[in-house]
Amino acid sequence: MTPIDKLKMEPFGVNFDLETGEMLNPKNHLVRRASDMKGHYKSEASLNELIQNQNNPLHYEVFEVPVPEKSGQLMYCISKLQPGLVGDECFMTKGHYHTVPETAEIYLCLRGEGFMMMKTSDGECRLEKMTRGRMVYVPPFWAHRSINTGSEALISFCVYPGNAGHNYGDIEKEGFPERVFLRNGKVVIEKR
Ligand code: S6P
Ligand code: ZN
């Protein structure tokens, strides 16, 4: 088989409800609950409280109709992050670098309000506002995590190279340099 034959496949289409931000008939559905987020929030006690007393609530979901994980393909998905607080820290995704670090990603926000937090391995940190109709470009080498500061789900359509992969291990070790809180209805950003 030549490299071209390996990439050959039939074209296809997928339907979305742009009002709700839902991908209709996804093939994969990844679910993360509060208990999957250990070690990511400032207050582990508040996270445990949520797990035990609020029935381990849903944190975020990823919906996809996957394509082969190969260079030349474009992977895409819907990322849906629930609103909520761990103590006073806004719900967020784990965050990751790409396993192939020189791969970028596009997030188109369909619903909700929040931030894309991005960091380099040198500790540079940037926050880009996410709101309906805004696209955020995550350049190569930047780890990224979404943060929901609103009262409804933060939903984005993401596109990234098929061979990018997810590297969660480095972020688990390093963390992100900043945190986002909601205090008295106001968004507060703090350095760690
Ligand atoms: C994949 C893309 C998103 C995230 C999703 C969940 O490259 O960035 O689909 O996977 O938002 O976040 P995380 O950090 O748990 O992968
Ligand atoms: Zn990514």
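**Entry: a ring to start with**

Is tyrosine 76 buried or exposed? I'm working from a predicted model, and there tyrosine 76 comes out at 11% relative accessibility, so I put it down as buried.

Next I checked its ring partner. The ring centres of tyrosine 76 and phenylalanine 157 are 6.2 Å apart and the planes sit at 40°, so I filed the pair as tilted. Tyrosine 76 belongs to strand β5 and phenylalanine 157 to strand β13, so the pair bridges parts of the chain 81 residues apart.

**Entry: the core**

I asked which residues make the most contacts inside the largest nonpolar core. That core has 45 residues, and the ones with the most contacts are Tyr41, Leu47, Tyr107, Met116, Met130 and Ile147. Strand β5 (residues 74-81) gives the most to this core, with five residues.

Leaving out residues up to four places away in sequence, its contacts include Tyr107, Met116, Val136 and Leu154.

**Entry: the zinc ion**

Which protein atoms hold the zinc ion (ligand 2) as donors? I found His96, His98 and His144, each through NE2, plus Glu105 through OE, at 2.1 to 2.3 Å from the ion. The site has six donor atoms with angles of 69 to 173° among them, and it is octahedral. I jotted down the spacing of the donor residues as H-x1-H-x6-E-x38-H. Glutamate 105 is in strand β8 (residues 105-111) and histidine 144 in strand β12 (residues 143-148), so these two tie together parts 39 residues apart in sequence. Both glutamate 105 and histidine 144 are buried.

**Entry: salt bridges**

How many salt bridges turn up in the whole structure? The search gave me 12. A reminder to myself: side chains of opposite charge can pair when their charged atoms come close.

I looked at lysine 42 and glutamate 190, which meet at 3.9 Å, N to O. Lysine 42 sits in the loop between β3 (28-33) and α2 (44-53), while glutamate 190 is in strand β15 (residues 186-191), 148 residues apart. Lysine 42 is exposed at 55%, whereas glutamate 190 is partly exposed at 27%. Lys42, Asp88, Arg183 and Glu190 are linked in a network of salt bridges.

Another bridge joins glutamate 178 and lysine 191 at 3.0 Å, N to O. Glutamate 178 lies in strand β14 (residues 178-183) and lysine 191 in strand β15, so the bridge ties together parts 13 residues apart in sequence. Glutamate 178 counts as buried at 13%, but lysine 191 is exposed at 67%.

Last, I noted glutamate 124 and arginine 126, with their salt bridge at 2.8 Å, N to O. Glutamate 124 is partly exposed at 39%, and arginine 126 is partly exposed at 43%.

Definitions and conventions:
Residues numbered from 1 in each chain as written. Chains lettered and ligands numbered in written order. Predicted model: local features only at pLDDT ≥ 70, side-chain atom pairs only at ≥ 80, totals over all residues. Heavy atoms only, no water. Core = buried A, V, L, I, M, F, W, Y, C linked by side-chain atoms within 4.5 Å. Buried < 20%, exposed > 50% of the residue type's maximum accessible area, 1.4 Å probe, protein only. Helix = DSSP H or I, 4+ residues; strand = E, 2+ residues; numbered from the N terminus. Contact = heavy atoms within 4.5 Å. Salt bridge = Lys/Arg side-chain N within 4 Å of Asp/Glu carboxyl O. Donors = N, O, S within 2.8 Å, 3.2 Å for Na, K, Ca; no water. Tetrahedral: all angles 85-135°; square planar, octahedral: opposite > 155°, others 65-115°. Phe/Tyr/Trp six-rings, centres within 6.5 Å; stacked < 30°, edge-to-face > 60°.
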